[in-house]
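Trainee: I have a new model on screen. Can you show me how to read it, feature by feature?

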Amino acid sequence: MTKRRSFSDKFKATVALEALRGDKTAQKIAAKHKVHPTQVTAWKRQAIDGLTGVFSDKVRRAEDNEAEVKELHAKIGKLAVENDFLSQGLK
């Protein structure tokens, strides 16, 4: 019984990118990288499905960061006022 092989994300991306280019058939790519042709098409499909997340994720992160920055600025302002009030009380 043979052990299952596991492939790194970088290897999968390389194979999927080569399949997306369309220069070679899935058979040729599979033979070159010593994987099954079905695996090549599956990685290609995963790459296509994941492309939308690459672009939409940046917008979401930017919006989340802006909200977090506003919240932190408000917290800094509140702490500055409390610090000034307490320092005046100690004098």
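Mentor: Start with the source. This is a predicted model.

Trainee: How many helices and strands does the chain have?

Mentor: There are 3 helices and 0 strands. Along the sequence the pattern reads α-α-α. The radius of gyration is 26 Å, well over the 12 Å from the globule rule for 91 residues, so the chain is more spread out than a compact globule.

Trainee: What box do the C-alpha atoms fill?

Mentor: Along the principal axes, the box is roughly 80 × 30 × 15 Å. Arginine 5 and leucine 86 are 81 residues apart in sequence, and their C-alpha atoms are 64 Å apart in space.

Trainee: What share of the residues counts as buried?

Mentor: Of the 91 residues, 12% do. Now look at contacts by sequence separation. Take those between residues at least 6 apart in sequence: 46% of them join residues at least 24 apart.

Trainee: Next, helices. How do I read which way a side chain points?

Mentor: Begin with the general idea. An α-helix has 3.6 residues a turn, so residues three or four places apart point the same way. Now the case here. Helix H1 covers residues 9-21, 13 residues in total. From first C-alpha to last it reaches 18 Å, close to the 18 Å expected at 1.5 Å a residue.

Trainee: Which residues of H1 are buried?

Mentor: Val15, Ala16, Glu18 and Ala19 are. Seen down the axis of H1, these buried residues fall within an arc of 160 degrees, so they line one face of the helix. On the other side of H1, Asp9, Lys10 and Arg21 are exposed.

Trainee: And which residues of H2 are buried?

Mentor: In H2 they are Ile29, Ala30 and His33. Viewed down the axis of H2, its buried residues fall within an arc of 100 degrees, so they line one face. Gln27, Lys28, Ala31 and Lys32 are exposed on the other side of H2.

Trainee: How should I think about a nonpolar core?

Mentor: In soluble globular proteins, nonpolar side chains tend to be buried together. In this chain, the largest nonpolar core has 8 residues: Val15, Ala16, Ala19, Ile29, Ala30, Val35, Val40 and Trp43. H1, H2 and H3 each supply at least two of its residues. H1 gives the most, with 3 residues.

Trainee: What does valine 40 touch?

Mentor: Set aside residues up to four places away in sequence. Valine 40 then touches Val15, Ala19, Ala26, Ile29, Ala30 and Val35.

Trainee: Which side chain forms a polar contact with glutamate 18?

Mentor: That of histidine 33, at 3.0 Å. Histidine 33 sits in helix H2. With 17% relative accessibility, histidine 33 counts as buried. Leaving out neighbours within four places in sequence, histidine 33 is in contact with Phe11, Val15 and Glu18.

Trainee: Now backbone angles. Where do I find positive phi?

Mentor: Check the helix ends. Just after H1, glycine 22 takes a positive phi of about 80 degrees. Just after H2, lysine 34 takes one of about 60 degrees.

Trainee: Where does lysine 34 lie?

Mentor: In the loop between helix H2 (26-33) and helix H3 (37-90). Lysine 34 is exposed, with a relative accessible area of 65%.

Trainee: Which side chain reaches the backbone oxygen of lysine 34?

Mentor: The side chain of arginine 5, at 2.7 Å. Arginine 5 lies in the segment before H1. Its relative accessibility is 54%, and arginine 5 counts as exposed.

Conventions: Residues are numbered from 1 along each chain as its sequence is written. This is a predicted model: local features need pLDDT of at least 70, side-chain atom pairs count only at pLDDT 80 or more; totals for chains, interfaces and linings use all residues. Side-chain values use heavy atoms; hydrogens and water are left out. Helices (H or I, at least four residues) and strands (E, at least two) are DSSP runs, numbered from the N terminus. The expected span of a helix is 1.5 Å times one less than its number of residues. Buried means under 20% relative accessible area, exposed over 50%, partly exposed in between (1.4 Å probe, protein chains only). The arc is that of the directions from the helix axis to the C-beta atoms. A polar contact is a pair of N or O atoms within 3.5 Å; within protein, one must be able to donate a hydrogen and the other to accept it, and residues adjacent in sequence count only if both atoms are side-chain atoms. A nonpolar core is a set of buried Ala, Val, Leu, Ile, Met, Phe, Trp, Tyr and Cys residues joined through side-chain atoms within 4.5 Å. Contact means heavy atoms within 4.5 Å. The radius of gyration is taken over C-alpha atoms; the globule rule is 2.2 Å times the number of residues to the power 0.38.
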